[in-house]
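Colleague: I have a few questions about this model. Shall we take the strands to begin with, then the ligand and the overall fold?

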Amino acid sequence: MTDYIDTYYSRTLEGDMHYPALQDNVSADICVIGAGFAGIATALGLVQRGKSVVLLESRRIGFGASGRNGGFVIAGYGMGEKQLVKKVGRAHAVDLYNLTITARTLIRKRIKDYNIPAHPVGGQLICSWYDTPGHEEEASYLHDVFGENTEYWDKDKVRAHCQTEHYYDGLVMKDNFHMHPLNYAHGQAKAIKQAGGRIYEQSEAVRVEEKASGTKIVHTPQGSVTSEHVVFCGSAYFNGLNKKLSRSCLKVSTYVMVTEPIPQDKLDTAIKSKMCIRDTRYADDYYRILPDNSLLWGGRCGVNRAPSPDQLKDMMLGDLLKVYPQLAGVKARVAWSGLMGYNVYKLPHIGKFSEGIWYCTNFGGHGVCPTTAGGEVIASAIAEGSEDYKLFEPFGFAYTGGVFGPFVAQAVYHSWELMDKLRGIGRRA
Ligand SMILES: Cc1cc2nc3c(=O)[nH]c(=O)nc-3n(C[C@H](O)[C@H](O)[C@H](O)COP(=O)(O)OP(=O)(O)OC[C@H]3O[C@@H](n4cnc5c(N)ncnc54)[C@H](O)[C@@H]3O)c2cc1C
């Protein structure tokens, strides 16, 4: 039986619950394929609206990116806010962004309502890697245009919290937060079950049949689900069941490492903030202090076979010590990789192929909050006829280059690293 890979989250999972494999022919209003955050949010949104739902997962709840990510719950999308305004205009961009603000509030509410041990901690600090102006203006822009609760921090304040010569000024996003994603996935799955939804693990959807009547039949190796609606939420772990989605999903690996717990006096010499933190490089580091005083450190991208856990530990610890050399001696406890499914537009694929065939997937590296937005968009479309999904129409299905796509992505990542270096040379300091 497939279980979770070794991560900090699988080691600290509270209330692990196994769901059976589908071994029967069952019916529901909707069959959701893939139990990452997108599928879970869609299923939960639907059962909350009185629909009968079957959620199929080929491995375990939150097995993919959702149960092994950085745990940053941040509004917005992979595409930056100014780019979004440029692409679709201010009003449309604000409508899209608002979906994620609502989702962020909903995640907090679900944690509370369902008593989920996700351990949320408030605030995100974005530290500038470059001594260049513009961050104060950025804080005002996000507040004025998108209604974000922001605060500008000057260099002294940033360095009081993050004692590294690499950072200059910064920006606090007060309503973003961080949490334990695998516990959150399991807590929501439990809520789906309690509301009457049916969940099947170890149940890969291998074929979708469409009858002339409009009814769909989703086949798994040992059973089937007959439904009026099907929602594809498989992301980078999807198996080619839908060619259009597979062709337009760029699969990119990224890595996370968690240290052994760090004595408080040593940690205080480096990081004094409990907020989740990232820097402003294209190829950024992101990190946060965990409840046991260990440090979660994430970053990098790859497309070839992921390095071994031991290689990842060395790589990521090396990145950490470049920023905080005073933490030398700290040991890496566990490191892992995960796959992200990217739409090249850096906005998710959310919408409808034909009557009853929906998709909510490819959220890239910025998906914890937007997956909940996507789940609500699809659930309200199916249950209430909402047309919010049309907001995503400008971000359609670009070909990602087939087998060469990941190598292009790798080249893009290296070009980001190069641009970061060049920008670094241009620092005013
Ligand atoms: C290491 C890492 C760190 C990240 N950090 C952050 C972060 O801090 N903040 C943030 O916002 N985003 C982060 N992300 C991105 C975020 O995790 C993803 O965007 C988001 O979780 C995607 O959710 P999903 O449900 O679309 O896909 P996934 O979580 O990948 O779920 C897809 C699921 O579908 C299942 N599946 C696929 N095909 C089938 C099938 N045919 N039948 C049944 N089941 C199927 C898979 O087994 C899988 O469980 C990170 C990603 C990674 C990998």
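Colleague: Over how many bridges do strand E5 and E7 pair?

Modeller: This is a predicted model. Strand E5 covers residues 121-127 and runs antiparallel to E7. Within that pairing, isoleucine 126 stands opposite leucine 171 in E7. The number of bridges between E5 and E7 is six.

Colleague: Why is E7 largely enclosed by the rest of the structure?

Modeller: Strand E7 spans residues 170-178, nine in number. A residue counts as buried if 20 or more other C-beta atoms lie within 10 Å of its own. E7 is largely enclosed because the buried residues number seven of the nine.

Colleague: Which residues come nearest to the ligand?

Modeller: The shell around the ligand holds 45 residues. By class, 20 are nonpolar, 21 polar and four charged. The nearest are Gly36, Gly64, Gly70, Gly338 and Gly367.

Colleague: Which domains each give at least three residues to the shell around the ligand?

Modeller: One contributor is built from 1-120, 179-249 and 343-398. The other is built from 149-175, 250-342 and 402-429. These are domain 1 and domain 2.

Colleague: What is the radius of gyration of the chain, and how does that sit with a compact globule?

Modeller: The C-alpha trace spans about 70 × 45 × 45 Å along its principal axes. For 429 residues, a compact globule would have a radius near 22 Å. The chain agrees with that, at 21 Å.

Colleague: What share of the contacts with a separation of 6 or more comes from residues 24 or more positions apart?

Modeller: The chain has 12 helices and 19 strands. Of its 429 residues, 49% count as buried. Among contacts with a separation of 6 or more, the share from residues 24 or more positions apart is 76%.

Key
Residues numbered from 1 in each chain as written. Predicted model: local features only at pLDDT ≥ 70, side-chain atom pairs only at ≥ 80, totals over all residues. Helix = DSSP H or I, 4+ residues; strand = E, 2+ residues; numbered from the N terminus. Rg over C-alpha atoms; globule rule 2.2 N^0.38 Å. Buried ≥ 20, exposed ≤ 12 C-beta atoms within 10 Å, placed from the backbone. Contact = placed C-beta atoms within 7 Å. Near = placed C-beta within 6 Å. Nonpolar A, V, L, I, M, F, W, Y, C, P; charged D, E, K, R; others polar. Domains from an automatic or database assignment. Pairing = 2+ DSSP bridges.
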